[in-house]
Amino acid sequence: MDYSEKVMDHFENPRNQGILENPDGIGVEGNPQCGDIMKIYIKVADNRIADVKFQTFGCGAAIASSSMATEMIMGKTLEEAWELSNKAVAQALDGLPPQKVHCSVLAEDAIHRAINDYRVKQGLEPWEEKPGHKKHCHESQ
Amino acid sequence: MTESHIIYMDNAATTPVRQEVVEAMIPYMRENFGNPSSLYDIAKINREAVALARSRVARALNAEDKEIYFTSCGTESDNWAIKGTAFANRDKGKHIITSAIEHHAVLYTCQWLEKQGFEVTYLPVDEFGMVNPKDVEAAIRPDTVLITIMFANNEIGTIQPIAEIGKIAREHNVLFHTDAVQAAGHVPIDVKAMNIDMLSISGHKFNGPKGTGVLYIGKRVKLDSLMHGGDQERKRRAGTENVAGIVGIGLALELSVKEMDATTKRLDALRKRLVDGLLTIPKSRLNGHPTKRLPNNVNVIFEYIEGESILLMLNRRGICASTGSACNSASLEPSHVLTACGIPHEVVHGSLRLTLGEMNTQEDVDFVIDAVKDIVQKLRNMSPLTPDELRKY
């Protein structure tokens, strides 16, 4: 497994790992059949991600992407967090092996789910999720 | 344990070459470098070395010397046996019987033959990964030319009822090949008593060198060659002999067979300790057959977590192991063996294979048990699938 040191660091010392009590939004993406599933909890204050936690079932890349993605959206506005791309997560991890890039899509999609969960709970229209995603699992491709 | 100490528990993947085997091989790379096909004395020495290796392999299998053919690896042996038989017997039929849990060297060869117009039956296995000989018999058709069922499985270690299948094949006059890559040197093999027509072996699975293999071809077997060229290997497998490698595989197999009883006794005890220790982890299970399995194979599943993560954490602690998780394969497909045993995909991802070898001690086993317990807990705490009662912080 040719992972970068950064991937290994986030895998072994995941940031923001755990559960948030009374979250404002929850997003789940993936499915256990594919081998990865990510659950993300957010607290929102003044339209910003005030706190974020994740739980992930998956490989090293899935766990590291989850950790990095949560670090990257912490404190950001919801608009900024929404714009976080899987490419940016992979880049921040100094790259992922080609067959593992789908794991970073998982994090991006889970964040979108959590933000929309928050929006719906606030009585707002959910933002439109990007087409072409929901494809992180090879079996659905 | 020092930082540089490695606990190698992936002996089904490969093994280190034994010191005495290395020493036996070295003279055939420098001073005895002659081509065995040549006339002069230094070539004769090599011819004799190859002949000695051939008879060592023959004795280990209860075969005759002239039934032993050296190849480049287990994969070549499997390809030769299956494609060679299929094409040589096209006038007799086009049907092949195999199992769902074969190594890819057999499965993909069969799939390729299907594209060439052959028909293949892939027999199912039970929850322990065992092929039922009755299924083999029921699958035989008038146009069946080959049955190929592995001796022992590389992932779960299950040992197939080879003698029973061999008997059925012989009664129906169908050729029987077995991929014995995981079995040779580890469990007793008798090609005559077991009615085996062809049998594949790989040197590096029993402390011999990589790049060496054997195909045993019984006298009555007619099969086409894959390699065409020179007259080596009784004109059936062309290519200058890998003399040093052949010396290595011959000696390694002889030594493994000689020490088999003692090794089995030692590994059985270690394996039992390892399995007992690992199964104290809640929501874990042993894959493969509880008793009819290779002495060195442990394959366990831990629910709610994924195997590559387990391997990465084990690697950081100097432990080398393997998994059937999709996330650890380039194809991103979960283990076809574990899924054939009826284990759901989401659970297959949490599989861990530990295969013991000469270097492992009881101390290693205890260290691995503690490491796995700790890692499983760590990953379960991280997983959204884990039920609350299994979480510990």
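Me: What makes you say chain B is in contact with chain A, and how many residues are involved?

Reply: This is a predicted model, where local features need pLDDT of at least 70 and side-chain atom pairs count only at pLDDT 80 or more, while totals for chains, interfaces and linings use all residues. Residues are numbered from 1 along each chain as its sequence is written, and chains are lettered from A and ligands numbered from 1 in the order in which they are written. Two residues are in contact if their C-beta atoms, placed from the backbone, lie within 7 Å. By that test, 19 residues of chain B are in contact with 19 residues of chain A.

Me: Which helices of chain B supply at least two residues each to that side?

Reply: Helix 10 (307-316) and helix 12 (345-348) of chain B do. Helix 10 of chain B gives the most, with four residues. Helices here (H or I, at least four residues) and strands (E, at least two) are DSSP runs, numbered from the N terminus.

Me: What are the classes of the residues on the side of chain B that touches chain A?

Reply: They divide into 10 nonpolar, five polar and four charged. Ala, Val, Leu, Ile, Met, Phe, Trp, Tyr, Cys and Pro count as nonpolar, Asp, Glu, Lys and Arg as charged, and the others, Gly among them, as polar.

Me: Where are the domains of chain B?

Reply: Domain 1 is 19-258 and domain 2 is 260-390, with bounds from an automatic or database domain assignment. Their C-alpha centres lie 29 Å apart, and 21 residues of domain 1 of chain B are in contact with 21 residues of domain 2 of chain B. The domain 1 side has 11 nonpolar, eight polar and two charged residues.

Me: Why are strand 9 and strand 12 of chain B called edge strands?

Reply: Two strands pair if DSSP finds at least two bridges between them. Strand 9 (284-286) and strand 12 (351-355) of chain B each pair on one side only, so they are the edges. The open sheet has the order 9-10-12, with antiparallel pairing.

Me: How do you know that strand 9 and strand 10 of chain B pair?

Reply: They share three bridges, in the antiparallel sense, and at least two are asked for, so they count as a pair. B:Leu286 stands opposite B:Val300 in strand 10 of chain B.

Me: What lies across strand 9, strand 10 and strand 12 of chain B?

Reply: Helix 9 (residues 260-278) of chain B, running at about 5° to strand 10 of chain B. Axes are lines fitted to C-alpha atoms, for helices over the stretch in contact, and angles run from 0 to 180 degrees between N-to-C directions.

Me: Which residues of helix 6 (residues 162-171) of chain B are buried?

Reply: B:Ile162, B:Ile165, B:Gly166, B:Ile168 and B:Ala169. A residue is buried if 20 or more other C-beta atoms lie within 10 Å of its own, exposed if 12 or fewer, and partly exposed in between, with C-beta atoms placed from the backbone.

Me: What puts them on the same side of helix 6 of chain B?

Reply: They cover an arc of only 165° around the axis, so they share a side; the arc is that of the directions from the helix axis to the C-beta atoms. What covers them includes helix 5 (133-139), strand 5 (144-148) and strand 6 (175-179) of chain B.

Me: How many bridges join strand 2 (residues 36-45) and strand 3 of chain A?

Reply: Nine, in the antiparallel sense. In strand 3 of chain A, A:Gln55 is the bridge partner of A:Lys39.
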